[in-house]
Amino acid sequence: MHILIVEDDQVARDYLAKALREAGHTVDVADNGLEGLHLASSVALDIAIVDRMLPKLDGLALVQSLRATGRKTPVLILSALGEVDDRITGLRAGGDDYLTKPYHMSELLARVDALARRGDSGNSEANTKLKLADLELDRMTRRVTRGGKKIELTAREFQLLEFMMRHSGQVVTRTMLLEGVWDYHFDPQTNVIDVHISRLRQAIDKDFDKPLLHTVRGAGYSLREDE
Amino acid sequence: MDQEQRFLGVLGSSPFRISMVYSIAFALGAAALLGAVYFAVSQVVDGSTDNLIEAEVQGLREQVLVLSRSDFIELVEQRSQDQDVRGAVYLMVDPQLRPVAGNVPAWPKIAADQGKWIQFKVSVPFGDETREHEMRAQRFPLPGGYRMLVGHDVQERQDVKNLMMRGLIAAVVLTMLLGLGGGFWMGRRILAQAGAISAVATQIMRGDLSQRLPVRDAEDEINTLAREINGMLDKIEQLTLGMRTVLDSAAHDLRTPLNRLQATAEAGMRQLAPASPERRVLERVTTEVDHMRSTLDALLRIALAETGTVAREAVDLSELVASMVDLYAPVSEERGIRLESSVIPGVQVQGSRQLLAQALANLLDNAIKFTPERGHIRVFLRQAGSGPEVIVEDDGPGIPADKREIVLGRRVRLDQARKLPGSGLGLSLVAAVTKLHGARLVLDDAGPGLRVALKF
């Protein structure tokens, strides 16, 4: 993937570029908003990672200008501000996802992955039937089967599985789940998400040989077919 | 219904009440003045006719002594014809009450025991028809059983008095109507202005500091007041903006180095073998960065809530409480705690969904932390007297009554909590968020345990 990083903090920018290159991406960098906008409008990008406070042109203004020219490049906004409703302004300006500093690289990589693959996976928003190996989920009838056997899920477990299936093959972090399934943006002190996941795992993996729901150490979870 | 309420609202408004008091006072004044005029005029008019009659009676009494009966009859006839019948009236009757002379057709049927003055009605021609006219008269006996009646037509004076009385009533009624009408009009005007002001004030209290009170192009008190309040709002908006800028730059100046620290530690870890002691040191660094981050998040959220610089929206409190219970149910069950809830549907508040969720999460985190195994946590959303209230109750150790005020302060952790993880900011964030939403935070004994109530 071709990724643009617009970040004025050199330490953060260098590490970010390095990590993304190690993950196999092509990376362009800019240290101010104007240069960032110029690059974003001239190069075919898969994703732009934009810091919110930038010299010369503010990050939000950059995203707005980019959207005004009709570019739909997914944008991940990085912010060092007070949060709460800054997230809303960031997303309203045209950002697709929002991450507050300091962040873990694993969190950022997971979000970049999710943004890049949004819409192009077989399990996109529009599909009413989601499928992974022998696991099937029907959004219309709210029926879940594995290997043809019906699986009983609570409403919330169903939502959780739906979210995981839509991101199948990707790493999904706890905060992504809290945001995607519950629409909350905070870090719970207790491991609330882990317990929900372990219940879901009980339901879909317990009676089957090949587990589908995997824990990714230090990052989150992944629903995928292979080991 | 709405119109009726608006109408009643106008009746209750102060301009209407004031003008009602004034119009009653003015009406009473008008009634007193016109009443005095009425009384004086009646006195004069009544008095002058009565004097006239008295003089005439006196004259005739003297004449009857010196004149023969036939001369007297002639005199009476003469006097009757002299006068228009609407003026003076005379009647002389014989002992059988048959008219002998005069211009009144018949002796009035009047009880004998009436005083000196009598009043009776006589039909008089009035154009083509006749009208009943009021007469006022005196009677006196004549020699030989004859009787005499001398009086005057008082219909005109009655008409004048009636007209005056009607005028008086009309003036009082008109004063009242004008006063009430004016008061109603002023009341509506003021209410319309006050309504516009309170509508904007509500929006401002909901956090939209860019709103200003409507000001009309007039120099009355309300407009002056509105202008001054607008000036005050400018100041508040400026201060709030300044506060927000300070918060944002503080956040930026703390988050940026923390992010660098995290990046540096992570970059270092990538180059080290998984179990090496150096890597473990760096892992500890990132753990501390996480702690600092959550403390910073909590502090910033408290500051945002306390300065009120958070965007507000309609929040479905029922959905929020239910979904928070749903989020925490598995983790409490795993710890052998029963999480029970009772949530009434359809409760809405104005505020920040994320901050309310964070506050509720803090309460639930606390409750789970302090509730022993096989304990209970109860969450309620219910309608109390003044509004909805959210209650989180546990049967943990609770907080002693004398320490309840203290724990709401920043970074307070009671002894028993020192060994448990947490920043000590949990309840102060709850307090700040509660205040932001105009609610009250009440800590209470759940006997045993702690009951926290957010009263909206």
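In the contact between the two chains, chain B contributes 40 residues and chain A contributes 29 residues. Keep in mind as you look around that this is a predicted model.

Let's take the chain B side to begin with. Four helices of chain B each supply at least two residues of the side that touches chain A: helix H5 (221-270), helix H6 (277-307), helix H7 (317-334) and helix H8 (353-370). Which helix gives the most to this side of chain B? That is H5(B), with 14 residues. If you sort the side of chain B that touches chain A by residue class, you find 19 nonpolar, 11 polar and 10 charged residues.

Now turn to chain A and find its open sheet, where four strands follow one another in the order S6-S7-S8-S9 with antiparallel pairing. Strand S6 (129-132) and strand S9 (149-151) of chain A are the edge strands, each pairing on one side only. From one strand to the next, the twist averages 25°.

Inside this sheet, have a look at strand S7 (residues 135-138) and strand S8 (residues 143-146) of chain A, which pair in the antiparallel sense over four bridges. To see how they line up, pick out A:Leu135: the residue opposite, in S8(A), is A:Arg146.

Helix H6 (residues 155-166) of chain A lies across S6, S7 and S8 of chain A. How does this helix run relative to S6(A), and at what angle? Helix H6 of chain A runs at about 65° to S6(A).

Terms used: Residues numbered from 1 in each chain as written. Chains lettered and ligands numbered in written order. Predicted model: local features only at pLDDT ≥ 70, side-chain atom pairs only at ≥ 80, totals over all residues. Pairing = 2+ DSSP bridges. Axes fitted to C-alpha atoms, helices over the stretch in contact; angles between N-to-C directions. Contact = placed C-beta atoms within 7 Å. Nonpolar A, V, L, I, M, F, W, Y, C, P; charged D, E, K, R; others polar.
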